[in-house]
Amino acid sequence: MPELPEVESIKLTLAKNTLGKKILDAEIFWPPAAVSIADLDFAELVKDRVIENFDRRGKYLLIGLNNGITMIVHFRMTGRLIYYPEKQPVDKHTHVVFYLDEGEMHYSDIRKFGRIQLVPTQKASDISSLAKLGPEPLDECFAFDTLGQRLAKKKSSIKAALLDQAVIAGLGNIYADEALFRAGILPGRNTQSLKVSEIILLYNSICEVLTEGINARGTSFRDYRDADGNRGSFQENLMVYGRGGMECKECGSLLQREKIAGRTTVYCSQCQK
Ligand SMILES: [Zn+2]
């Protein structure tokens, strides 16, 4: 699933390719993927509109059009939004194609959980999925004490708290496990047990892994591609995610794999306390 660094990479590559371009038409091959406003026609609402701006909230991509409408894209498991400079054939996983005045933008999704939702731009931040999101971890105003306060309220395992988008936006299984490894904190620990020194370590680790993830243009473990169709490279830097049963790169002991908060979680029982 694309997490914050992957969605940020899609945003940057899409903006580079499509900002200021006009949507001449949209074709919908699988209607549930394209959610319109009330019973208005999706294609009609985006037709002849210029792509005016890009934004991101947590794992959501926001594409603003010049008619006061924003497309909110949630990629979920396997959603992809790719720009092609030339005409491109569709396949059975292509659900929406935007024909631009130069090139095409294809939304495809193998697992079909992702959605492109149209909303009035002024109300975008009020729609329930965005309104309940916690702070952006890379915002300048997000400090370690904000993280500490939000974790303290959440009486759960630290892993569950980091995955909760209402506590902090944008982290998923990959970056949560990596941040916890770097901070030296066991994922099953209760949030209430964290000392201030550990929250500072965790805060720094979260900012670090997300920034490094963005700089590596994301993690391509299975499906993820940016809007140029390229893989990211952060998978080469992973210390724990996807490495259960393998040797810890720091201490050599075997990494543990355990279901925590309903998700496969990998950690080192020596490096993490
Ligand atoms: Zn270790």
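This is a predicted model: local features need pLDDT of at least 70, side-chain atom pairs count only at pLDDT 80 or more; totals for chains, interfaces and linings use all residues.
Reader: At what angle do α1 and α7 pack?
Author: Axes are lines fitted to C-alpha atoms, for helices over the stretch in contact, and angles run from 0 to 180 degrees between N-to-C directions. The axes of α1 and α7 are 8 Å apart. Their packing angle is about 35°.

Reader: Is the crossing of α1 and α7 left-handed or right-handed?
Author: A crossing is left-handed if the near helix is turned anticlockwise from the far one by less than a right angle, and right-handed if clockwise. For α1 passing α7, the crossing is right-handed.

Reader: Which strands does α1 lie across?
Author: Helices (H or I, at least four residues) and strands (E, at least two) are DSSP runs, numbered from the N terminus. α1 covers residues 4-18 and runs at about 160° to β3. The strands it lies across are β3, β4, β6, β7 and β8.

Reader: In what order do the nine strands form their sheet?
Author: Strands of a sheet pair through backbone hydrogen bonds, either parallel or antiparallel. Here two strands pair if DSSP finds at least two bridges between them. The sheet is open and its pairing is mixed. The order is β2-β9-β5-β4-β3-β1-β7-β8-β6.

Reader: Which strands stand at the edges?
Author: An edge strand here has a single partner strand, so one of its sides is left without a neighbour in the sheet. The edge strands are β2 (34-35) and β6 (79-84).

Reader: Which residue in β8 is the bridge partner of L81?
Author: β6 pairs with β8, residues 104-109, in the antiparallel sense. Six bridges join the two. The partner of L81 is Y107.

Reader: What distance separates the centres of domain 1 and domain 2?
Author: Domain bounds come from an automatic or database domain assignment. That assignment gives domain 1 (4-131) and domain 2 (144-267). Taken over C-alpha atoms, their centres are separated by 28 Å.

Reader: How many residues does each domain bring to the contact?
Author: The contact draws on both domains. Domain 1 contributes 18 residues, and domain 2 contributes 20 residues.

Reader: Which element gives the most to the side of domain 1 that touches domain 2?
Author: α1 and β6 each supply at least two residues of that side. The top contribution is nine residues, and it comes from α1.

Reader: Which elements do the buried residues of α6 pack against?
Author: A residue is buried if 20 or more other C-beta atoms lie within 10 Å of its own, exposed if 12 or fewer, and partly exposed in between; C-beta atoms are placed from the backbone. In α6 (residues 173-183), eleven of eleven residues are buried. Among them are Y175, L180 and R182. They pack against α1, α5, α7 and β11.

Reader: Why does F75 count as buried?
Author: F75 lies in the loop between β5 and β6. F75 touches P2, V7, K59 and G114, not counting residues up to four places away in sequence. F75 counts as buried because its C-beta neighbours inside 10 Å number 25.

Reader: What is the phi of D48?
Author: Most residues other than glycine have a negative phi, and most peptide bonds are trans. D48 sits in the loop between α2 and β3. D48 is partly exposed, with 13 other C-beta atoms within 10 Å. Its phi is positive, near 65°.

Reader: Which residue in β11 is the bridge partner of I260?
Author: β10 (residues 256-260) and β11 run antiparallel, joined by five bridges. They form a hairpin with two residues between them, and A261 in the turn has a positive phi of about 55°. The bridge partner of I260 is R263.

Methods
Residues are numbered from 1 along each chain as its sequence is written. Two residues are in contact if their C-beta atoms, placed from the backbone, lie within 7 Å.
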